[in-house]
Amino acid sequence: MSMIRDLRAVVRPSRVSLRKEGGAYDTTRDPATPSAVVDCAVYRDGRRVPTETPLSPPEAMRQVRRDGGFVWIGLHEPTEEEFAGIAGEFGLHPLAVEDAVQAHQRPKLERYDDSLFTVFKTIHYVEHDQLDANSEVVETGEVMCFTGRDFFITVRHGGQGSLRALRHRLQDDPELLMKGPSAVLHAIADHVVDGYIAVADAVQDDIDEVETEVFSPGRKGTPRGTDAGRIYQLKREVLEFKRAVSPLMRPMQLLSERPMRLIDPDIQKYFRDVADHLARVQEQVIGFDELLNSILQANLAQASVAQNEDMRKITSWAAIIAVPTMVCGVYGMNFDHMPELRWKYGYPLVLGITVAICLGIHRTLKRNGWL
């Protein structure tokens, strides 16, 4: 049980630390490494084997086959030529290699003869001062993992989702690394899903802000509404989030429920914890989508109500103005015989009657809520 507590402590940092890492992602390759290889190390008895010079993947694999342990290779956006040598050295399946190089894959788990190929979508929340119709709320990246008996290979795509901090945390707990590549796979899965939780909380704040603005009172106590473009943009970002979360449910269920020879039994049961957290995030994201639909419909309804209110006011004033227009039109016909035409007080009388009628109409319309 102590091993499990250590496992959770290592792979699940606090939300604050996740957010801090979000602002300092490793977006470049190691300057000392001219290739796509960010890091290559051999782990034996749960500890990283020290070397005087950086190891190449073939050298690391030869050490593992000679002395035991496993090798963990991290790559960032390798080209087909850069990845071809590593794929040949470790016997990776051509279909998985093609997916890893081309990227833009949906989350999945594929089993080959001697390896597992897992795709994770990483999500990063984009900080913004104010949400508008062009705001980018989430950025996505990808982490592809090849899990073998004595090797673990990660291929990252995108400018966020660095695994450097996670690697350092795992290296601080040799008991976990002694479980082999499957412990690293679980750590990455848990790290990615914890990132989803942090992003979901941040997106919730944006949705609450939009919801408050839509239903907050405006003039005369009526909802003031908001720009529909902002709501639609937020809905698009939530859809991108949903595409990363929902397809990952099935791979996590397989890793937690189906025995696999490449997954240590002590590690496998803790994929259930990852699957539970992922299910919670999925429910949140689905709820976000439905809530944004309701907010968008409410906003459009408010816009329609506001238009109807404006039309009522225009119609009311048109009815009031119609009275003097009609009277002036009648007297403008220049007939010889008109009511009170020759009377001294006829002109002010007609004006008074006209004003009285207009005031009566105005009072009636205002009492009925049209003005």
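A: Here's a walk from a helix pair out to the core around it.

Keep in mind that this is a predicted model. Let's start with helix 6, residues 164–171, and helix 8, residues 181–215. Two packed helices are described by the angle between their axes and the distance between the axes. For this pair, the angle is about 130° and the axes are 11 Å apart. That's why helix 6 counts as oblique to helix 8. Their crossing is right-handed.

So who's actually touching? From helix 6 you get L166, R169 and L170, and they meet V184, A187, I188 and H191 of helix 8. Sort the residues of this contact by class and you find five nonpolar, one polar and one charged.

Now zoom in on I188. Leaving aside residues up to four places away in sequence, I188 touches F120, V143, C145, F152, T154, L163 and L166. I188 is also among the residues with the most contacts inside the largest nonpolar core, which has 61 residues. F120, Y196, V203, F241, M252 and L255 are on that list too. Helix 8 gives the most to this core, 17 residues. Another core lies apart from it, with 30 residues, including V64, I86, A100 and M144.

One last stop: H124, which you'll find in strand 5, residues 115–125. H124 has 15% relative accessibility, so it counts as buried. Along the chain, H124 and Y196 are 72 residues apart, yet their C-alpha atoms are separated by 8.2 Å.

Technical notes:
Residues numbered from 1 in each chain as written. Predicted model: local features only at pLDDT ≥ 70, side-chain atom pairs only at ≥ 80, totals over all residues. Heavy atoms only, no water. Axes fitted to C-alpha atoms, helices over the stretch in contact; angles between N-to-C directions. Helix = DSSP H or I, 4+ residues; strand = E, 2+ residues; numbered from the N terminus. Parallel < 35°, antiparallel > 145°, perpendicular 65-115°, else oblique. Left-handed = near helix turned anticlockwise from the far one by under 90°. Contact = heavy atoms within 4.5 Å. Nonpolar A, V, L, I, M, F, W, Y, C, P; charged D, E, K, R; others polar. Buried < 20%, exposed > 50% of the residue type's maximum accessible area, 1.4 Å probe, protein only. Core = buried A, V, L, I, M, F, W, Y, C linked by side-chain atoms within 4.5 Å.
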